[in-house]
Amino acid sequence: MADLFKKLGSLPVVVGCLFITTLYVSVCNLAFPEGSALHVSTYTVTLFGKYLCYALLALAVDLVWGYCGILSLGHGAFFALGGYAMGMYLMRQIGDRGVYGNPELPDFMVFLNWDALPWYWAGSDSFIWMMVMVVAAPGLLAYIFGTMAFRSRVSGVYLSIMTQAVTYALMLAFFRNEMGFGGNNGLTDFKDILGFSLQSDTTRIALFATTATFLAIGFAVCHFIVNSKMGRVVTAIRDSENRVRFIGYKPENYKVWIFVVSAMLAGIAGALYVPQVGIINPGEFSPLSSIEMVVWVAIGGRGSLYGAIIGAIVVSYAKTRFTAIMPEAWLYALGGLFVLVTLLLPKGIAGFFPAIAARFNQKKLAEVKS
Amino acid sequence: MSREAGSPLLEEENIKPDTRHGVILYVEDVSVSFDGFKALNDLSLYINDGELRCLIGANGAGKTTLMDVITGKTRPDVGKVSFGQQVNLLEMDEAQIARAGIGRKFQKPTVFENLTVFENLELSLHGDKGIWANLFHKLSGEQSDEIAQILHTIGLVGECNMQAGALSHGQKQWLEIGMLLAAKPRLLLVDEPVAGMTAQETERTAELLTSLAGDHSVVVVEHDMAFVRSIARKVTVLHQGSVLAEGSMSEIQSNPEVVRVYLGEETGE
């Protein structure tokens, strides 16, 4: 029994917290009328849903950076691709309720005088097909990029710069109207998902609960991976790639695998994000947002799965608060937070508690000894 | 999926060097040059099955380059390198060569610092090195016994659950040798095993390496002449990328060529 607890680690705590939060938010939003002290506004529900998407994204970044040592500064690309796949489905759900009333084509295509859907929009009215694309598109990009980069043994700063270049290139491409993804306006004005109105409180709550569920599943999957022997190989690659190679593993295969899994998680996060915020545009590909994801993980605790979740939520919450008070000072605050955490808590927020516990134990040990 | 990933590896596991002629490693007429500098120059070397061989030579004599060629890190310009008679090492990559049964210890001890001693050995154990197999891997009783035995051999039983990064320099060297043993190699390439060790540790390492010979073939690169004297039966002297002399320690020491280019320098210091 004790063995089982050790194996599960922080998993029950994280899943429990997510379950309680979801329960609390949904009951307080739906059961208590507006104006009641216990009421949680739909705005807050959506905001928290967004944070949970970021948490799932942070988990993806932590898996490659914290455990495998691949500093990806382009995870925004995978997030955005997943988001666009969901956005395409939501665009088709609008049907003839768009400004131009075209039952087949989204508004921006009518505006561009296109008379048919481009080939890559085929099947975009099928929810199942687009959900496959949510993981397939980021997964494929990660596979192609990873195979090329890791087989040629590109690593360290060069790899980080390349990931940054990829997301930047995609941003420029998606800004173009001819790409067929809505140009700089992106995809927006969504009406409903699977027939349920996106404006209704119940849909919002359902989306929130779905996000929490996926975050819990994502956490469980990552937990399983990092605690398997495969996970130990990955950690070993982070510490000494050559040694791993000379005991008979192929590090590049492991890196590609973990990179693809991470990209898929990021894609799912993006797909959950889009219906809640109601828009996806090329801004999500911007290099800056990819860097912000890395900051979440650094602040929360690199190499700790629950640390990544805490980091994403804390920093995003701080951002919401800060940008409301002093929008122009946010980047300075973020930078300051990053410097402070790196200096004072090299293992992030997640490393704080074990460090305190260790110090306490040492003191106790010293007392016993004396 | 797991079977697909596993089967080619299993085939590689079955690669057995053919040692009917008593030779486990053939290095023939190998040359390597880096930007015009000849690191290895027409070098030929044969290692017998089960022998303990020492390689000595001044800095830049090509010792590490030779190790790199054997383990697949560096490709030679010309020459032949084979494991037993039939396994051509030049067509294999580092991981395949390692799986075929050639283990290498680096000059600087390289262990996985954030994993425990036990986990370091677990990862090094021979077996399927594919992704899916390892994702669902469970340690068998047999494998635990094997690890326990290696821990005993390298004298790290008490440190089993310690993080490898917390070990002393000498202990890390032993752990790395233990990791090589876990892979059940036929041939061990050991680069400067006693660098930075105390006299006592050096003595124990000598014992460990001599006990390994017989079941394994061991090639040791070392600068410490006293250490070489204590373990070597046969010594090969490298100089400027080729073999200068080969023989027992006393033969080597009385070889005028060797005394001039290598031992002479050392005694002159």
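Predicted model: local features only at pLDDT ≥ 70, side-chain atom pairs only at ≥ 80, totals over all residues.
Q: How many residues are in contact between chain B and chain A?
A: 31 residues of chain B touch 25 of chain A. Contact means heavy atoms within 4.5 Å.

Q: And what area is buried?
A: About 2700 Å², with carbon and sulfur atoms giving 63%. Buried area is the accessible area (1.4 Å probe) that two parts lose on being put together, summed over both.

Q: Which three residues of chain B supply more than any other three?
A: B:Phe112, B:Ile131 and B:Leu135, with 23% of the area chain B buries against chain A.

Q: Switching to charges. How many salt bridges cross over?
A: Four. The rule wants a Lys or Arg side-chain nitrogen within 4 Å of an Asp or Glu carboxyl oxygen. A:Arg243 pairs with B:Glu176, the closest N and O atoms being 2.2 Å apart.

Q: Is A:Arg243 buried or exposed?
A: Buried, at 0% relative accessible area. Buried means under 20%, exposed over 50%, partly exposed in between (1.4 Å probe, protein chains only).

Q: What else does A:Arg243 touch?
A: Beyond neighbours within four places in sequence, its contacts include B:Phe112, B:Met179 and B:Leu180. The A:Arg243 side chain also reaches the backbone oxygen of B:Arg104 at 2.5 Å.

Definitions and conventions. Residues numbered from 1 in each chain as written. Chains lettered and ligands numbered in written order. Heavy atoms only, no water. Polar contact = N/O pair within 3.5 Å; in protein donor to acceptor, adjacent residues only side chain to side chain.
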